[in-house]
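Thanks, everyone; I would like to talk about helices today, and in particular about their lengths and their faces. Please have the sequence and the model in view while I speak.

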Amino acid sequence: MFVPRRPENAPRVNVVALAILLGSIALGSAALVATGSPLPLIVLVIAGVVGMQSPRIAQQWERAVVLRLGRFIGLRGPGLFWIVPFQDTVSSWIDQRTITSNFAAEQTLTSDTVPVSVDAVLFWMVHDAEKAALEVQEYAQAVSWAAQTALRDIIGRTALTDLLRGREKIEQELQTLIDARSNPWGVTVQSVEMRDVVIPAALQDAMSREAQAAREKQARIILGEAELAIAHSFSEAAKEYHNNPTALHLRAMNMLYEGLKEKGALMLIPSSAVESMGMGGLMGAAALQQQQITGGSGNGGKESK
C-alpha cells in the first residue's frame, strides 16, 4: 500500500528558474558585446545557474518541508516560494489530498479459530505535514503497516459470525484503532471499508447446509401453525353446524355437487359422516342421477352407431 511520492531533493525546473537563467545569459551576452571580455558572461551565467535553484513551485495540494543546514525552518506552498541556494533544502513534498489505499489480512484466525482472508480499503490524509515529515521516516508505509496490524488484531478477537454480520461495527473499530496509531504522524483516517471476507470452501458448504436446515425447520414450523389454525377453524365450524342442522345439510349437498360435477368422479366418504350428516339419501339420489346420465349417453352412442 506504499504511496509513491516525488523525489524529495530532485530539482524542479519551472518557468521562474528558466527566466532567471535566460536573463543572466542575455545580460552576459550584452556585457560581452559592450566590453569585449568574456568574464561578465561567465560570471552572469554562473549566477544564473545558482539563482535558478532558488525559486520552487508547490502544487495546490502540496506542502514543501524546508530545512536550513539540516534544521527545520517551516513549510512552504502552495505556489511560488524561494529558498537560499546551498543552505536550504526541500526534504519532503507532502501530498495533503485524500489518499485511497487497499490493505489485506490473509489466513488470519478469528476468535473461534476460523482462518479468513479480509480485504479492505483505507481513506486517509495528512493533516499535519510537519509531523508527517519529521516524526516518521515513510508515513505512507507506516500507515500501511498500521492498517494491516490493526486489521489482524480486530480479526483475532472477533468471532466469524460477528465478522460477517457486523461489518459496520468492525469498520468503525478499525478506523478508531488506525487513527489512534497514525495521529502522532500527522495522519488522520477518514473511513475504512471492508470489501470482501473469504472463508474456506468447506466451511462455506457447512454454513450453506446449516442455513438450508434452518429454512426447512422454519417451513415446518409455519406448516404446523397453519394446521393448528385450520383445526381451530374446523372446531368453530363444527360448533356452528351442531346448532344449525340446515346449514350442515346444505354443506353436505355442496360437497356432493362439487364431487360429482365431473363425469366418472369417485368420492370416498366416511360412514360416520354419512350417518351424522344425513347424506345417505342425498348420495343415493346423486348416484341414480349419475347412472341415468351415463345410461342416456350410452344409448345415444348405440343409436348413433
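Let me begin with helix H1, residues 15-35, in what is a predicted model: at 1.5 Å a residue, the 21 residues of H1 should span 30 Å, and the C-alpha atoms at its ends are 30 Å apart, which agrees. Which residues of H1 are buried? They are Ala-17, Leu-21, Ser-24, Gly-28 and Ala-31, and, seen down the axis of H1, the buried residues fall within an arc of 90°, so they line one face of the helix. What those buried residues of H1 pack against is helix H2 (39-51) together with strand S1 (55-58). On the face of H1 that is turned away from the buried side, the exposed residues are Val-15, Leu-22, Val-33 and Ala-34. Just after H1 comes Gly-36, which takes a positive phi of about 80°.

Now to helix H6, residues 167-182, whose 16 residues reach 22 Å from the first C-alpha to the last, close to the 22 Å expected at 1.5 Å a residue. The buried residues here are Ile-170, Glu-171, Leu-174, Gln-175, Ile-178, Asp-179 and Ser-182; viewed down the axis of H6, they fall within an arc of 160°, and therefore they line one face of the helix. Against what do the buried residues of H6 pack? Their partners are strands S6 (99-109), S7 (115-126) and S8 (187-198), along with helices H4 (139-156) and H5 (160-165). The face of H6 turned away from its buried side, by contrast, carries the exposed residues Lys-169 and Ala-180.

Methods. Residues are numbered from 1 along each chain as its sequence is written. This is a predicted model: local features need pLDDT of at least 70, side-chain atom pairs count only at pLDDT 80 or more; totals for chains, interfaces and linings use all residues. Side-chain values use heavy atoms; hydrogens and water are left out. Helices (H or I, at least four residues) and strands (E, at least two) are DSSP runs, numbered from the N terminus. The expected span of a helix is 1.5 Å times one less than its number of residues. Buried means under 20% relative accessible area, exposed over 50%, partly exposed in between (1.4 Å probe, protein chains only). The arc is that of the directions from the helix axis to the C-beta atoms. Contact means heavy atoms within 4.5 Å.
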